[in-house]
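Hello,

As promised, I am passing this structure on to you, with my notes on what turned up in it. Have a look at it first, and then read on.

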Amino acid sequence: MKKLVLGTLGVAVLLTSCVSQKKYAELEAKNKETQDLLNSATVKLNECLEEKSTATAEMQSLKDQVKFLKANNQVLIDNMGNLTELSAKGAENLEKSLESLQEKDLTIRRLQDAVTRRDSVNLALVQSLKGVLGNLEDDDIEVSVEKGVVFVSISDKLLFKSGSYNVTSAAKEVLGKVAKVVNNKPDFEFMVEGHTDNVPYRKGVLLDNWDLSAKRATAIVRILQNDYGVDPKRMTAAGRAEFVPVSATDKSKNRRTRIVVLPKIDQFYSMIEEGMKDPAINK
């Protein structure tokens, strides 16, 4: 009977891990797609800025020409009446150039606004997290931003005892502070990643570091949901085992839990996509 129960538990854990890994892969693919589009938009933005600089210099030269033409217009009309038509065409061309430059400026501003809004949201989130977490000089907690994504990294010595996936009481206090921030920002989705060192692990129904890291991630997600009321639809639990280390020499740094916050990814994606379709940027 014991073997039957243990076998059933093992299958349940493995199924949970598979579902988490699949959803994690989907999120990472979506994040990569967004990053690729952002990189493409950045290239376009830089090209537009260069065009703007060139066009501004040309516009100033044209303005100087118009000023000269206006000052000498009457003399030119008296001497050569046919130049009147040429001056009118020059003014018309100048007006069209100014309109085109204004369109490009508007498109550039839209793209810059999208990037600025994303960065502003991330900055506000980081400041909120730092405010509630308090003393961030502690090496056990780190808040950072990488490629437009906010990360909260918490060492396992603060969260778990060695080889355990039971969350400590001290860690629950930290998780409560993080939950306070994310509950106030309902548009965010986030993923809880469990990371281990490369020391082989096997205990009870847990077969290896994959199982341990996934079990630790689900333990934290469960606390955020049950103890602090975080909407489970916004969370993903993922086990990364030992395969994403941050240090080649200090194994303790690799034993960590990372909360990956994804603020308004769909909305930012839409803003970039809309800007890229603007015909003014593709002239």
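Subject: what was found in the structure

Before anything else, please keep in mind that this is a predicted model.

Let me start with the overall layout. The protein has 283 residues, and 37% of them count as buried. Its secondary structure consists of 8 helices and 5 strands. Going along the sequence, these follow one another as α-α-α-β-β-α-α-β-α-β-α-β-α. If you look at contacts with a separation of 6 or more, 75% of those in the protein are between residues 24 or more positions apart.

The largest nonpolar core is made up of 32 residues, and V167, F190, V192, I220 and L224 have the most contacts inside it. Helix α5, residues 169-183, provides the largest share of this core, with 7 residues. Another core, of 8 residues, lies apart from it; Y24, L27, V149 and M191 are among its members.

Now for the pockets. The largest pocket has a volume of about 680 Å³. It is lined by 31 residues, and S155, S252, K253, R255 and R256 are the ones nearest its centre. Which elements each supply at least two residues of that lining? They are β1 (141-146), β2 (149-155), α4 (156-159), α6 (209-226), α7 and β5 (256-263). By class, the lining of the largest pocket holds 14 charged, 9 nonpolar and 8 polar residues.

The second largest pocket contains about 420 Å³ of space. It has 18 lining residues, of which E28, N31, K147, F151 and R258 are the closest to its centre. At least two residues of the lining come from each of α1 (2-71), β2, β3 (188-195) and β5. Helix α1 gives the most, with 7 residues. In this second largest pocket the lining has 8 nonpolar, 8 charged and 2 polar residues.

S247 is in the loop between β4 (235-239) and α7 (251-254). Is S247 buried or exposed? The cut-off for buried is under 20% relative accessible area, and S247 counts as buried because its relative accessibility is 15%. The side chain of S247 reaches two backbone nitrogens: that of D250 at 2.9 Å and that of T249 at 3.3 Å. Not counting residues up to four places away in sequence, S247 touches K253 and N254. K253 is also one of the residues nearest the centre of the largest pocket.

A241 is found in that loop between β4 and α7 too. With a relative accessibility of 1%, A241 counts as buried. What stands out here is the backbone: A241 has a phi near 55°, which is positive although the residue is not glycine. For context, most residues other than glycine have a negative phi.

D197 sits in the loop between β3 and α6. Its relative accessibility is 10%, so D197 counts as buried. The D197 side chain reaches the backbone nitrogen of V199 at 3.1 Å. Leaving aside neighbours within four places in sequence, D197 is in contact with N209, E242, K251, N254 and R255.

D231 lies in the loop between α6 and β4. This residue is partly exposed, because its relative accessible area is 27%. A polar atom of the D231 side chain lies 3.0 Å from the backbone nitrogen of K233. Where does D231 stand relative to P186? The two are 45 residues apart along the chain, and their C-alpha atoms are separated by 8.7 Å.

That is everything I wanted to hand over. Enjoy exploring the structure!

Best wishes

Note on methods:
Residues are numbered from 1 along each chain as its sequence is written. This is a predicted model: local features need pLDDT of at least 70, side-chain atom pairs count only at pLDDT 80 or more; totals for chains, interfaces and linings use all residues. Side-chain values use heavy atoms; hydrogens and water are left out. Helices (H or I, at least four residues) and strands (E, at least two) are DSSP runs, numbered from the N terminus. Buried means under 20% relative accessible area, exposed over 50%, partly exposed in between (1.4 Å probe, protein chains only). A polar contact is a pair of N or O atoms within 3.5 Å; within protein, one must be able to donate a hydrogen and the other to accept it, and residues adjacent in sequence count only if both atoms are side-chain atoms. Contact means heavy atoms within 4.5 Å. A nonpolar core is a set of buried Ala, Val, Leu, Ile, Met, Phe, Trp, Tyr and Cys residues joined through side-chain atoms within 4.5 Å. On a 1 Å grid over the protein atoms alone, a cavity is a set of points where a 1.4 Å probe fits but cannot get out, and a pocket is an open set with protein on both sides within 12 Å along at least five of seven lines; lining residues have an atom within 4 Å of a point. Grid points are joined across faces, edges and corners, and a volume is the space filled by probe spheres set on the points. Ala, Val, Leu, Ile, Met, Phe, Trp, Tyr, Cys and Pro count as nonpolar, Asp, Glu, Lys and Arg as charged, and the others, Gly among them, as polar.
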